[in-house]
Every structure is written in C-alpha cells, then in structure tokens.
Amino acid sequence: MNSNLCLTATAVAAVFALLSINPTRFSPPPETTFDHRKTEYVAIHGGVGPESFAFDSAGGGPYTGISDGRIIKWLPEQQSWIDFAVTSPNRTGCEEREKEEKREERCGRPLGLRFKDGTGSGDGDDLYIADAYMGLLRVGANGGLAKKLDFQTEEDEVWKFGSLTFANGLDIDQLSGLIYFTDSSSHYQRRNFATAILSGDNSGRLMKYDPKTKQLSLLLGNLSFPNGVSLSKNSEFLLLAETTKCRILKYWLKTAKAGRYDVIAELPGFPDNIKTSHRGGFWVGIHSRKRGLLRFILAYPWIGKGLLKLPLSIDKLHSCLEKWIGNGGIGIRLSEEGEVMEIIEGKGELKWKSFSEVEEREDGVVWIGSINSPFATKIKI
C-alpha cells in the first residue's frame, strides 16, 4: 500500500473518529437517563442546528440561531417558532438547502447568543450575537436586522491576524455590560472546522468588548479552537471550552489571579458551549467523544498537517459522512473546580446526534441544542 493511500485511509478514519462515539477511559458517575414521556422534540422548519439558546429578561423564549442565518423565538402558548432576527441583509437564497457552505457565508451563521437585560435602565433587552461569519452583532428587543458592533482598539495583537474570522461563544456581565466572546480561529472559518481541529490550529482567541467605550481587548491568545464561554455568578472568573484539546479552562477576571488561567477538567470528547446551572456548577455540551486514533493524531500535529496535504477535502468528507453517521451527544455538569456532578446521555430512543449546549431553567426544564439536528430537545429533570 503506497503512502498516499495509507494517509487517505488515515484521514477517512480520523473523520469517522470526529463523528463517532466510542468508550474511553473517562469514568464519570452513572448517566442520568430520562423517561421518554418527559422528553419533547421541538421541530424546526427551514433550517437546522439550534446551536445556543437565550432567554429575555421576561423569561421569553428560547431564542436560537439556525443554519439559514435566522434567529427564531419559541412561543410556548402557540407551540411554534417565529422569526425574530437575521444577521445578514442579503437573504437571497438563504432558504435553499443546497450549497450550505456558500449560503452560510452569505446569510450568516448565528452561534453564541446572550441578552443584556435592559429593564434596570428603562431600555429594552438587547440581544448580542456571535455570528461565525458576520462577527459580533446586536439587535434590539423588537428583532429585525442585527447590526455589527463598532470596535476601537490600539492593541496591535488583537488584529495581527486581521478581523474576526470565526466568532463563536459569548457571555455578558449583566452588571458591567462587558461582553466576553471567542474567536475560534484566526485562520479557518466555520465551514473548515474539521480542518482546524486536525491541523492543530492554535490561533483562537478569548476577547472582551466594552459596549460603552467600544474598546476591544485580547485576554488570551494561542488557543486551540476556543468555543463556549460562561461567567461565574459573581463574575470572578469565566470557564472556557478549548475544543481541540478537550478541556475546560478557568480564566480569572478578579482576585489576585486575574489574567491567569487553570485547566480544571480534561473531558472525554469535544466540548462546545458552557452554561451555568441553577443548581450549581456549569453544563458543558459535548459534541462527540474522542476515540484512540483521533487522540493519537491530535497529540502529534504534524500527522494532521500531513493529512491536510492530501488531494481531498477533509471538510467535505466530514460533511458527507456526517449525514450518515450519528453521534451520541452528552452533557456534563461540572463544579467550579471541574468535578463531574451529573451527566445527561440519551438511551434507547433518546438519541441526539450531538450536544452543542445544555440550558437549564429554574422550572427544571432543560433545553438541549445540536449543531446538526432539525429540532431542539426539551427534557424535564
């Protein structure tokens, strides 16, 4: 077998590994399983991939972004979704299901969402959006076309790779109004995420934006696909998912540790978004687990870089296989110290292709998002 054929076989196996769940040495507590009667699948029409959820100050929603660039809102009384906002003024062909890669770049792909509560100031809520292609945006309480935020910065290191390339996770300090978000890669866009992971790309960044001064600041650089971000309740620190390295970082914003970070959890798979739990700790959505071959490739970046030189598109191969291979999503609730507190994993009929986010409400309802499913999932815990 020639070397190119060996490398091609390895590349295919690596993509399968990105899509598949397999047992690992991770030994968490027993999974929480759910009665089918407590699970509801909320269909989404015209798009797929409810990546993240947001609720306004009145508890309305959830709001979620989907693959055609729309942000939609759930109306529980009508049991239906309505259009709320879009992230691009160009909606030509956005409802078409063909050529999704080009459509996303034109129509936008809203990922991280978070409302800034405006009730205290007498203003309405503003929804802030991290769009993978459009960057950081904001839309008012009445929805419509979201507008890009203006940045002012004198820090050369913020822009040394150019403008935002892959805005992803987002959270807001409700007291100060400061916005914390991730730019997953300075080299690869969202449609090339599989390549970014296999290449070992570490050009991702954790950023801070002050809407009052329009100042953009770099907090952490040289990150390997930074993804979800979530502030602690007292805003002393935030948790950050570093997807390629399958780990969670605690970045200190206050105390004597401000500006430093600790690795608090090594995970069995690729983390996506992070959200606080009302019962304590943080929920982490795990897109898929990491198997032995992929672990080996990621441990030696030169292998992944060699695979990318082959005359085939890793991203197109991944997209093709993803339609036929189901993941098994998993949600993990971690303590502030990174200890596993609880796990959600579908059993039997309760199968999700992947978890992008676990959003727990005070009434015990949990919304589960998935980047590749045409529905959102609700469970009662």
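Biologist: What volume does the second largest pocket have?
Modeller: Bear in mind that this is a predicted model. In it, the second largest pocket has a volume of about 800 Å³.
Biologist: Which residues sit closest to its centre?
Modeller: R114, D171, Q174, T276 and H278 are the closest to the centre, out of 34 residues that line the second largest pocket.
Biologist: And which elements give two or more residues to that lining?
Modeller: Those are β2, β6 (110–116), β11 (167–172), β15 (226–231), β19 (269–276) and β23 (357–360). The largest share comes from β6, with four residues.
Biologist: How does the lining of the second largest pocket split by class?
Modeller: There are 13 charged residues in the lining, along with 11 nonpolar and 10 polar ones.
Biologist: OK, now cavities. How many are there of 30 Å³ or more?
Modeller: The count comes to one cavity of that size. The largest cavity has a volume of about 60 Å³.
Biologist: Which residues line the largest cavity?
Modeller: The lining is made up of S52, G112, L113, G169, L170, G228, V229, N273, I274, K275 and E357. In terms of elements, β6, β11, β15 and β19 each supply at least two residues, and β19 gives the largest share, three residues.
Biologist: What about the classes there?
Modeller: For the largest cavity, the lining has five polar, four nonpolar and two charged residues.
Biologist: Let's switch to disulfides. How many does a search of the whole structure find?
Modeller: The search turns up one disulfide. The bond joins C94 to C107, with 2.0 Å from S to S.
Biologist: Where in the chain are those two?
Modeller: C94 is in the loop between β5 and α2 (100–107), while C107 is in helix α2. The two are 13 residues apart, so the pair counts as linking distant parts of the chain.
Biologist: Which hand does the link have?
Modeller: The link of C94 and C107 is left-handed, with -95° about the S-S bond.
Biologist: Is C94 buried or exposed?
Modeller: C94 counts as buried, because its relative accessibility is 0% and buried means under 20%. C107 also has 0% relative accessibility, so C107 counts as buried.
Biologist: And C246, buried or exposed?
Modeller: C246 counts as buried, because its relative accessibility is 1%.
Biologist: I also spotted an open sheet of five strands. What order do the strands have?
Modeller: The order is β2-β3-β4-β5-β9, and the pairing is mixed. At the edges are β2 (53–54) and β9 (144–145), each with a single partner strand, so one side of each has no neighbour in the sheet.
Biologist: How many bridges join β4 to β5?
Modeller: Six bridges join β4 (residues 70–75) to β5 (residues 80–86), and these strands run antiparallel. One example is I71, whose bridge partner in β5 is A85.
Biologist: Last topic: where is G46 found?
Modeller: G46 is in the loop between β1 (39–43) and β2. G46 counts as partly exposed, because its relative accessibility is 41%, which falls between the 20% and 50% cut-offs.
Biologist: Which residues does G46 touch, not counting residues up to four places away in sequence?
Modeller: G46 touches D68 and R70.
Biologist: And how many residues apart in sequence are G46 and E95?
Modeller: They are 49 residues apart in sequence, but 6.4 Å apart in space, C-alpha to C-alpha.

Definitions and conventions:
Residues are numbered from 1 along each chain as its sequence is written. This is a predicted model: local features need pLDDT of at least 70, side-chain atom pairs count only at pLDDT 80 or more; totals for chains, interfaces and linings use all residues. Side-chain values use heavy atoms; hydrogens and water are left out. Two strands pair if DSSP finds at least two bridges between them. A disulfide is a pair of cysteine sulfur atoms within 2.5 Å. Buried means under 20% relative accessible area, exposed over 50%, partly exposed in between (1.4 Å probe, protein chains only). On a 1 Å grid over the protein atoms alone, a cavity is a set of points where a 1.4 Å probe fits but cannot get out, and a pocket is an open set with protein on both sides within 12 Å along at least five of seven lines; lining residues have an atom within 4 Å of a point. Grid points are joined across faces, edges and corners, and a volume is the space filled by probe spheres set on the points. Ala, Val, Leu, Ile, Met, Phe, Trp, Tyr, Cys and Pro count as nonpolar, Asp, Glu, Lys and Arg as charged, and the others, Gly among them, as polar. Contact means heavy atoms within 4.5 Å.
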